[in-house]
Structure formats: structure tokens, C-alpha cells
Amino acid sequence: MDTPTGPHVVRAGEGDVTGEPGFLDRYLLESAASSGRIALVEHVLGPKMLAAPMHRHSREDEYSYVLTGTLAVIEEGIEITATAGDLVSKPRGRWHTFWNAGDDELRVLEIIVPGGVEAMFRRLAEPGGEYSPDTLPALAAEYGAEVDFEATMPLVERHGLLF
């Protein structure tokens, strides 16, 4: 998407979508459209779905605004939950992940500053893209991120998460 020269509206139901039912990403504003300053991605997660393995970013801060459902976040070992209307910040350099802690669909607006890591989300949704311990560390490193599968699995087991 090119940088808009005037008002631009992404209407409900519009925007490029990747993933599959239970784990969808809708790209509302990618970094290319904001000269790299910001990206906005709506994550739609089914019940008990983990969004990603434990990870940390070196380049961007993330802010999760809960649209519907119950978001659970672990950051640096501290677990919290947030519901519709709540905003959770996940600063760069801190280990974190998030999941749908409820029995209903979770919709979260992910605000990424600066933008860029949303391109990795797209690559993971391509055929052959996966959250594999064999391939994800190298892919994450391309985007200045690290993943920790060892720290992820106890979280998956403790909360009965799908991953």
C-alpha cells in the first residue's frame, strides 16, 4: 500500500486478511503506508489460542487495544488480563506473549511503533510459514526479534492453550 495523500478509510470487513479461522490477521495500516512510522493489525484469535511463542522485539513497541473478548498477556513473568476497551503496552526489549484467555473470540487492535514487524506476520501466514522451533528463530532474527520456545511450553500447558 502506498502512502495515502488524503483521507483514507479502511472500512469494516476491508483490509487484507491472512491466516485461518481461529487465528486471523487483518492488516489495517502497514508500515509502507506510514513511511515506517506505525502499523495497525487486527488479531482475531479463537478461544485459548496463543498468538506467538514467548518473544521480544528490539525495534518496536506494541500496544494491544482489546476490541472484544479477554486478552491475557505475560511480560517478563507477570501475567495480566484485559477486556474490551483496555490497552496493554508491551515495550521493546521485554519478553512477552499473549493469548485469548476466554471462551469467545478475541479481537485485538495491535499498534506497532515503528511499523515493520507486521511483514513477518505475513510471512508466517504463507504456505510453509509456521511457528516451528527449527525455522522461526532465524525468521524472527531478520526482524530484530528473538523467540523462546522453552519458556512458551509451560505457559501452553498451564493454561491449556492451542499453539
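This short talk walks through one protein chain, from its overall build to a few single residues.

Let me begin with how the model should be read: it is a predicted one, in which local features need pLDDT of at least 70 and side-chain atom pairs count only at pLDDT 80 or more, while totals for chains, interfaces and linings use all residues. Residues are numbered from 1 along each chain as its sequence is written, and side-chain values use heavy atoms, with hydrogens and water left out.

First, the overall build. The protein chain contains 3 helices and 11 strands, where helices (H or I, at least four residues) and strands (E, at least two) are DSSP runs numbered from the N terminus. If you follow the sequence, the order of these elements is β-β-β-β-β-β-β-β-β-β-α-α-β-α. The C-alpha trace spans about 50 × 35 × 30 Å along its principal axes. For 163 residues, a compact globule would have a radius of gyration near 15 Å, and the chain's 15 Å agrees with that; this radius is taken over C-alpha atoms, and the globule rule is 2.2 Å times the number of residues to the power 0.38.

Of the 163 residues, 42% count as buried, and here buried means under 20% relative accessible area, exposed means over 50%, and partly exposed is in between, with a 1.4 Å probe and protein chains only. Turning to contacts, which are heavy atoms within 4.5 Å, we find that among those between residues at least 6 apart in sequence, 64% join residues at least 24 apart.

M120, when residues up to four places away in sequence are not counted, touches L139, A140 and Y143. As background, nonpolar side chains tend to be buried together in soluble globular proteins.

Next come the charged pairs. How many salt bridges does a search of the whole structure find? The search finds 10, each being a side-chain nitrogen of Lys or Arg within 4 Å of a carboxyl oxygen of Asp or Glu. In one of them, E42 pairs with R107, and their closest N and O atoms are 2.6 Å apart. This pair links distant parts of the chain, since E42 is in strand β3 (residues 39–45) and R107 is in strand β10 (residues 106–113), 65 residues apart. Of these two partners, E42 is buried at a relative accessible area of 5%, whereas R107 is partly exposed at 28%.

Another salt bridge brings together the side chains of R56 and E146, at 2.8 Å from N to O. R56 belongs to strand β4 (residues 54–57) and E146 to strand β11 (residues 145–148), so this pair ties together parts that are 90 residues apart in sequence. R56 is partly exposed at 25% relative accessibility, and E146 is partly exposed at 40%.

Is N100 buried or exposed? N100 is buried, with a relative accessible area of 0%. Leaving aside neighbours within four places in sequence, its contacts are L45, G46, P47, K48, M49, T70, E105 and L106. The side chain of N100 reaches the backbone oxygen of L45 at 3.0 Å, and that of D104 at 2.8 Å.

I will finish with some backbone details. V113 and P114 are joined by a cis peptide bond, with omega about -15°, and P114 is found in the loop between β10 and α1. S35, a residue other than glycine, has a positive phi near 55°; S35 is in the loop between β2 (23–29) and β3, and is exposed, with a relative accessible area of 52%. E76 is not a glycine either, yet its phi is positive, at about 50°, and its place is the loop between β6 (70–75) and β7 (78–83).

Key. A polar contact is a pair of N or O atoms within 3.5 Å; within protein, one must be able to donate a hydrogen and the other to accept it, and residues adjacent in sequence count only if both atoms are side-chain atoms.
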